[in-house]
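Trainee: Could we go through this structure together? I would like to begin with one residue and then widen the view.

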Amino acid sequence: PGVAGRPDGLLVITGVSRLAEDPTAAERLRSWISATTRRLYGDRAALVDALILNRRSAMDPQLRDRYVQSGLIHILSISGFHVGLIVAWVFMLCRVLRASRERAIVLAACTGCLYVGFLGWPAPATRAAALASLLAICQIRQRKVEPDALLAMTCLVVLISDPWAVLDLGAWLSAGSLWGATYFSRWGARAFGGARWASTLTSSVGATLTTAPITSALLGNVALVGIAPNFVAIPLDRKGTR
C-alpha cells in the first residue's frame, strides 16, 4: 500500500487470460480510437492518446520529462482546457443551428459530461464537467457566479465522487492553476485597468505560482518558461471559446 492506504507499487504481469465478459461500448470505442491513432500517427500515437483518451502510460518518459521542464505538463491531462473546448464548440454549433441559448448551454454541458464519462471520470476532467454543469445552471437561473465559490463546489463534487482524488496530481494541478489564473486575473484587472496583456500576464503568472509548490514537491521541477507560451495559448483559447 502507498500513501493513506492507496494501492501503490510495481505491477508485475505473470500471465494473461481472456475475460469471459464482453467489453462495453465505451471500451470498444476507446480501443478503436487507440488503434486508429496508432495507424495514423505511428510513433506519435501515444501523445495523441494522452490528449484524447487520457492515456499516458505508453508515452516516452523522455517526452513526458520535456513537457515537465517546459511547464506544459498540464496539457497532457484531460482537464478544464480540453473539456472547455468541447463545451464551447457544442454551444456554438447549437447556436448556429438556431437553438435557444438555454438549450444550447444545457446540451453543451451534457456533452462535456458524456465525454468525461467516456474517459472514466478522471479527477481533473470531472472537475471541469462539474464546472460546466454548474455554470449552465447559473446561466439559466440568472444567478451571479462567484468564481472562488464555484471552484470550491466543483472540487467538493470531485472529492465526493472519488475521495482518492485528494492524492491525484492532476486534480491538484487542475484546481490550483484555475484558482491562480482567475484570482490573479481579477487582481490584474483592478491594478491595470483590464488591459489584455495584463490579464494574460497576471493569469499566467498566477497559475504558475499556485502550481509551483506542487510541481516542485512531486515532480522536482518548476518551469517558469511556461509563462511565455501562455501569451499565445490564452488569446487563442479565448477566441476559440467565444
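**A conversation about the chain**

Mentor: Ser 185 has a relative accessible area of 18% and is therefore buried. Please keep in mind that the model is predicted.

Trainee: Which helix is Ser 185 in?

Mentor: Ser 185 belongs to helix H8.

Trainee: And what is Ser 185 in contact with, leaving aside its neighbours within four places in sequence?

Mentor: With those neighbours set aside, Ser 185 is in contact with Ser 199, Thr 202 and Ser 203.

Trainee: Where does Ser 174 lie?

Mentor: Ser 174 is in helix H8, which covers residues 169-192.

Trainee: Is Ser 174 buried or exposed?

Mentor: Ser 174 is buried, because its relative accessible area is 7%, and the cut-off for buried is under 20%.

Trainee: What does the side chain of Ser 174 make a polar contact with?

Mentor: The partner is the side chain of Arg 127, at 2.8 Å. Beyond the neighbours within four places in sequence, Ser 174 is in contact with Arg 127, Ser 79 and Pro 124.

Trainee: Let us turn to Thr 211. Which helix holds it?

Mentor: Thr 211 lies in helix H9, residues 196-218. With a relative accessible area of 12%, Thr 211 is buried.

Trainee: What does the side chain of Thr 211 reach at 2.7 Å?

Mentor: The side chain of Thr 211 reaches the backbone oxygen of Ala 207 at that distance.

Trainee: Which residues is Thr 211 in contact with, leaving aside those within four places in sequence?

Mentor: They are Leu 173, Gly 176 and Ser 177. As for Leu 178, its C-alpha atom is separated from that of Thr 211 by 9.6 Å, and the two residues are 33 apart along the chain.

Trainee: Now the overall picture. How many helices and strands does the chain have?

Mentor: The chain has 10 helices and zero strands. Read from the N terminus, the elements run α-α-α-α-α-α-α-α-α-α.

Trainee: What share of the residues is buried?

Mentor: Of the 242 residues in the chain, 35% are buried. The chain exposes about 15,300 Å², and carbon and sulfur atoms supply 63% of that area.

Trainee: How many of the contacts between residues at least 6 apart in sequence join residues at least 24 apart?

Mentor: The share is 60%.

Trainee: I would like to look at a helix pair. At what angle do H4 and H5 pack?

Mentor: Helix H4 (residues 80-96) and helix H5 (residues 101-119) pack at about 145°, and their axes are 8 Å apart.

Trainee: Is that crossing of H4 and H5 left-handed or right-handed?

Mentor: The crossing of H4 and H5 is right-handed.

Trainee: Which residues of H4 and H5 meet?

Mentor: From H4, they include Val 83, Ile 86, Val 87, Val 90 and Phe 91; from H5, they include Ala 104, Ile 105, Leu 107, Ala 108 and Tyr 115. The residues of this contact divide into 13 nonpolar, two polar and two charged.

Trainee: Changing topic: which residues of H2 are buried?

Mentor: In helix H2, residues 45-52, the buried residues include Ala 45, Ala 46, Val 48, Asp 49 and Ala 50. Helix H1, residues 25-41, is part of what covers the buried residues of H2.

Trainee: Staying with H1, is Ala 25 buried or exposed?

Mentor: Ala 25, which is placed in helix H1, is exposed, with a relative accessible area of 63%. The C-alpha atoms of Ala 25 and Phe 118 are separated by 9.6 Å, although these residues are 93 apart along the chain.

Trainee: What about the backbone of Asn 54: what is its phi?

Mentor: Asn 54 is not a glycine, yet its phi is positive, about 65°. Asn 54 is placed in the loop between H2 and helix H3 (61-69).

Trainee: Is Asn 54 buried or exposed?

Mentor: Asn 54 counts as buried, at 18% relative accessibility.

Trainee: And Gln 142: what is its phi, and where is it?

Mentor: Gln 142 has a positive phi of about 55° and is not a glycine either. Its place is in the loop between helix H6 (123-140) and helix H7 (147-161). At 72% relative accessibility, Gln 142 counts as exposed.

Conventions: Residues numbered from 1 in each chain as written. Predicted model: local features only at pLDDT ≥ 70, side-chain atom pairs only at ≥ 80, totals over all residues. Heavy atoms only, no water. Helix = DSSP H or I, 4+ residues; strand = E, 2+ residues; numbered from the N terminus. Buried < 20%, exposed > 50% of the residue type's maximum accessible area, 1.4 Å probe, protein only. Contact = heavy atoms within 4.5 Å. Areas by Shrake-Rupley, 256 points an atom, 1.4 Å probe, with all protein chains shown as cover. Polar contact = N/O pair within 3.5 Å; in protein donor to acceptor, adjacent residues only side chain to side chain. Axes fitted to C-alpha atoms, helices over the stretch in contact; angles between N-to-C directions. Left-handed = near helix turned anticlockwise from the far one by under 90°. Nonpolar A, V, L, I, M, F, W, Y, C, P; charged D, E, K, R; others polar.
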